[in-house]
Amino acid sequence: MKFFCLVILLFFGLEKVSAQDSTHKLLRDKNFVALPVVFRLPETRWGGGVGGVATFGFAKDSINAKLSQISFGTTFTQNKQILIFMPFKIFTNNGKYYFASENGWFRYNYIYSGIGENRVPEEKYDADYERVRLLATRAINAKTYVGLRVNFENYVVTKTKKDGELASGIIDGSDKSRTLGLGLSFLKDTRDQVFYPRKGVFGEFFIVPSGRFFGANRNFTKISADFAFYKSLTNKTVWASNYVAIANLGNVPFNQLAYLGGQSKMRGIFEGYFRDKNALMIQQEVRQEVWKRLGAVAFGSVGFMGSEHNHFLRLNKPKFTYGAGLRIATKNHLNLRLDYALSPYTGGNFYATIGEAF
């Protein structure tokens, strides 16, 4: 897939930190970064919108308590695509409670290239969907959380390539699917800081059944483990590792399959370029502070796919990506990320966003 992206970020920050007594206030250490965005993608042509990130702490928490983050964004494109989203990560009561969610409504184009090793010519398709992935947890000790995860997605495919595999109707969920599940989550967090960890571990293991009992239109169970490890090699160098394992059991629609690609998982290939019931991903990244707020990274990743019909994981058919990037640090090291990634399967991909990939 030829992939060309021009992103123009008019980057400015509005930072407000009060030195006054905060005991009578709800929040402290409030910071806001706004990002007007202009971009061009093959899937969208020209597009534009606004995005932002707010970070803050709760006034009643200790000064060293983890900061919370709320993001938002609205984007419109020439192809009449719309993305509206507001994810958040909230730490309260000195980290005793942790809430996180990915919330959004999307009208977008994706690329479908087949399932497993059954590769097909790229098919661009349109989809409208609402998504909520909510996590609510409580600390059972200083570093471990246990709680509930809710996954909801109402996915409607509105347009497919004529005579393509999706248009044939043989792929489960190629018209629409509704996922709604409730399950258990176990979270580990030993990071020294949230946005740019220099040491520690952060990750989640969950089991979420989605079924007609909850209001879904299919029955399947998703099992996922996603853990990141951070180690300081020097006072300006961090080695970050990410290990992800996903398995799906049951009648899984294609949009809920495990996949490789995207801005966080194996940069260098389009999100969902490889799909199957199971996946294993390993990502490694070296992060180097260069000068003042400027930094650089180098990264690489390998992934494996599999299914219940042949091999749980096809370890003899690995997928690779690699790349490098620049970082511009804001307050609290919530970095502006500029990455360029490559793979043997597509052209180079450019990524411009806020926050580290993992």
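Visitor: Let's start with Ser185: is its side chain buried or exposed?

Guide: Ser185 has a relative accessible area of 0%, so this residue is buried. Keep in mind that we're looking at a predicted model. Buried means under 20% relative accessible area.

Visitor: Where does Ser185 sit, and which side chain does Ser185 meet in a polar contact?

Guide: Ser185 is part of strand β11. Its side chain and that of Glu204 are joined by a polar contact of 2.6 Å.

Visitor: Which residues does Ser185 touch, leaving out those up to four places away in sequence?

Guide: The list has Leu135, Tyr145, Val146, Gly147 and Arg149, and then Glu204, Phe205 and Phe206. Glu204 is also the partner in the polar contact.

Visitor: Can we read Ser177 along those lines? Which strand holds Ser177?

Guide: Ser177 is in strand β11, which covers residues 176-189. With 1% relative accessibility, Ser177 counts as buried. The side chain of Ser177 makes a polar contact of 3.1 Å with the side chain of Asn255. Beyond four places in sequence, Ser177 touches Glu153, Asn154 and Tyr155, plus Asn217, Arg218, Pro253 and Asn255.

Visitor: On to aromatics. What describes a pair of aromatic rings?

Guide: You give the distance of the centres and the angle of the planes. In this model there are 17 aromatic pairs. Take Tyr108 and Tyr110: their ring centres are 5.5 Å apart and the planes meet at 65 degrees, so that pair is edge-to-face. Planes over 60 degrees apart count that way. Both Tyr108 and Tyr110 are buried.

Visitor: And how do Tyr110 and Tyr129 pair?

Guide: Tyr110 and Tyr129 make a tilted pair, with 6.3 Å from centre to centre and 40 degrees between the planes. This pair links distant parts of the chain, as the two residues are 19 apart: Tyr110 belongs to strand β8 (residues 97-115) and Tyr129 to strand β9 (residues 118-139). Tyr129 is buried, as is Tyr110.

Visitor: Which residues form an aromatic cluster with these tyrosines?

Guide: One cluster takes in Phe106, Tyr108, Tyr110, Tyr112, Tyr125, Tyr129, Tyr155 and Phe254.

Visitor: Now pockets. What is the volume of the largest pocket, and how many residues line the largest pocket?

Guide: The volume of the largest pocket is about 450 Å³. Its lining has 23 residues, and those nearest the centre are Asn64, Ala65, Lys66, Leu67 and Asp192. By type, the lining splits into nine charged, eight nonpolar and six polar residues.

Visitor: How many residues line the second largest pocket, and which lie nearest its centre?

Guide: There are 16 lining residues, with Ile115, Leu257, Asp276, Lys277 and His309 nearest the centre. The second largest pocket has a volume of about 200 Å³. Its lining divides into six nonpolar, six polar and four charged residues.

How values were computed. Residues numbered from 1 in each chain as written. Predicted model: local features only at pLDDT ≥ 70, side-chain atom pairs only at ≥ 80, totals over all residues. Heavy atoms only, no water. Helix = DSSP H or I, 4+ residues; strand = E, 2+ residues; numbered from the N terminus. Buried < 20%, exposed > 50% of the residue type's maximum accessible area, 1.4 Å probe, protein only. Polar contact = N/O pair within 3.5 Å; in protein donor to acceptor, adjacent residues only side chain to side chain. Contact = heavy atoms within 4.5 Å. 1 Å grid on protein atoms, 1.4 Å probe; cavity = no way out; pocket = protein on both sides within 12 Å on 5 of 7 lines; lining within 4 Å. Points joined across faces, edges and corners; volume = space filled by probe spheres on them. Nonpolar A, V, L, I, M, F, W, Y, C, P; charged D, E, K, R; others polar. Phe/Tyr/Trp six-rings, centres within 6.5 Å; stacked < 30°, edge-to-face > 60°.
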